[in-house]
Amino acid sequence: MKNEQMKEKFMSILQKYVGADVDIDFEKPLSEYGLESFNAIQLIVDLELECEIEFPDYVMEPEMFETAGTLYSCFS
């Protein structure tokens, strides 16, 4: 999947968790969008299934979920 397509898919999936009408800033903490730990796990599962990727165990740290940018950088 090309980078731009991947980013669009990523944003589409993330919007399900933060709200369709929310303008996502890649530098803003995901917690400010209301993303909690349970939702973060569901988000990871959705990203893996929809994007046909697998996040390696070593990136599954709290820092991964700091911002949309840090999360996206784990598989882009």
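Helices (H or I, at least four residues) are DSSP runs, numbered from the N terminus. The model is predicted: local features need pLDDT of at least 70, side-chain atom pairs count only at pLDDT 80 or more, and totals for chains, interfaces and linings use all residues. Residues are numbered from 1 along each chain as its sequence is written, and side-chain values use heavy atoms, with hydrogens and water left out.

**View 1. Q15 in helix α1.** One reaches the backbone oxygen of A20 at 3.4 Å, and another the backbone oxygen of V22 at 3.1 Å. Leaving out residues up to four places away in sequence, Q15 touches A20, D21, V22 and I24 (heavy atoms within 4.5 Å).

**View 2. T67 in the loop between α2 (37-51) and α3 (68-73).** T67 is buried, with a relative accessible area of 11%. A polar atom of the T67 side chain lies 3.2 Å from the backbone oxygen of F26, and one lies 3.3 Å from the backbone nitrogen of G69. Beyond four places in sequence, T67 touches F26, E27, K28, P29 and L30.

**View 3. Helix α1 (residues 3-18) packed with α2.** Their axes (lines fitted to C-alpha atoms over the stretch in contact, with angles from 0 to 180 degrees between N-to-C directions) are 10 Å apart, at an angle of about 145 degrees. In α1, residues including F10 and I13 meet residues of α2, among them L43 and L47.

Key. Helices (H or I, at least four residues) and strands (E, at least two) are DSSP runs, numbered from the N terminus. Buried means under 20% relative accessible area, exposed over 50%, partly exposed in between (1.4 Å probe, protein chains only). A polar contact is a pair of N or O atoms within 3.5 Å; within protein, one must be able to donate a hydrogen and the other to accept it, and residues adjacent in sequence count only if both atoms are side-chain atoms.
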